[in-house]
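Colleague: I am new to reading protein models. Could you walk me through one?

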Amino acid sequence: MTACSQVGGSESERVVAEDYDSFWLWAGVKPQPVLGQAKSIYILAGEVRANNLKQFRLLRPVTPNISDVELWLLVRVATLDWPLQVQSQIIALAETWDKQGRPLTGIQIDFDSQTRNLKNYASFLEVFRAALPVRFKLSITGLLDWSANGDPMALSSLADVVDEAVFQTYQARETIAGYEQWLERLRDLPMPFRLGLVQGGLWRETENLEKIPNFRGFVVVLVNPPAK
């Protein structure tokens with residue numbers, strides 16, 4: 001495959017949100033009409049900061065008014081060194097969302113674990129999964145490097161704990177240059193996974209993805225339009 005960068009590229013190669021049905025909605029990003037066609041939405045609810053481990057910081061204090069979708073509560077994480085009270089706050093928020101409007105599908109942890117630390121990450125998630133009510137699924141975001149350089153045993157441990165992983169193919173508003181070289185390496189991942197795309201970023205579809213048994217589709221991160 002030929003690598004492409006964010007610079008250049010035809011408009012037909014850019015990610016059009018209306019072509020997809022799963023989305024990330026981050027804090028500060030305004031909802032878009034395309035959410036009306038969504039089958040699943042991952043909504044950033046709050047974050048765990050390294051400089052304040054005593055409190056889960058809410059970024060969206062009000063339960064979203066969304067119906068008829070698979071709804072995920074997303075938690076952005078800067079450190080895995082959580083006290084039990086923060087874990088309890090997150091689970092309590094999930095239960096609150098679950099009781100209002102559309103039932104909650106699960107929690108997604110957004111943590112950029114270094115590939116060499118995947119074993120420790122899997123251990124952390126195992127503890128969190130044990131505390132999570134069984135009706136909730138557990139999702140994580142992931143880095144493309146995991147598929148190429150991750151320890152197979154560590155990846156297997158992750159697969160035993162999570163229901164899915166969503167691998168980010170972008171940084172900020174740009175698709176990672178040369179992302180194509182990573183796609184074939186996803187074939188041996190032992191867990192269900194999706195690929196995260198950025199709205200407006202470059203992306204070339206490939207038939208090989210559809211042949212990977214654990215591939216479950218795409219999630220598009222929505223962005224605000226540039227200021228005029």
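Predicted model: local features only at pLDDT ≥ 70, side-chain atom pairs only at ≥ 80, totals over all residues.

Colleague: What does the secondary structure of the protein come to?

Modeller: The count is 6 helices and 11 strands. The C-alpha atoms fill a box of roughly 50 × 45 × 35 Å along the principal axes.

Colleague: What radius of gyration would a compact globule with 228 residues have?

Modeller: Near 17 Å. The protein has 17 Å, so it agrees with that expectation. Of its 228 residues, 52% count as buried.

Colleague: Now the helix. How far apart are the end C-alpha atoms of helix 1?

Modeller: First the rule: at 1.5 Å a residue, the 16 residues of helix 1 (residues 84-99) should span 22 Å. The ends are 23 Å apart, which agrees.

Colleague: Which residues of helix 1 are buried?

Modeller: An α-helix has 3.6 residues a turn, so residues three or four places apart point the same way. In helix 1, the buried residues are Val-86, Gln-87, Ile-90, Ile-91, Leu-93, Ala-94, Trp-97 and Asp-98. They cover an arc of only 155 degrees around the axis, so they lie on the same side of helix 1. The face turned away from that buried side carries the exposed residues Leu-84 and Lys-99.

Colleague: What covers the buried residues of helix 1?

Modeller: The cover includes strand 3 (52-58), strand 5 (104-110) and helix 2 (118-131).

Colleague: And how many residues has the largest nonpolar core?

Modeller: In soluble globular proteins, nonpolar side chains tend to be buried together. Here the largest nonpolar core has 79 residues. Leu-125 is among those with the most contacts inside it. Leu-125 touches residues including Ile-109, Leu-138 and Leu-158.

How values were computed:
Residues numbered from 1 in each chain as written. Heavy atoms only, no water. Helix = DSSP H or I, 4+ residues; strand = E, 2+ residues; numbered from the N terminus. Expected span 1.5 Å × (residues − 1). Buried < 20%, exposed > 50% of the residue type's maximum accessible area, 1.4 Å probe, protein only. Arc of directions from axis to C-beta. Contact = heavy atoms within 4.5 Å. Core = buried A, V, L, I, M, F, W, Y, C linked by side-chain atoms within 4.5 Å. Rg over C-alpha atoms; globule rule 2.2 N^0.38 Å.
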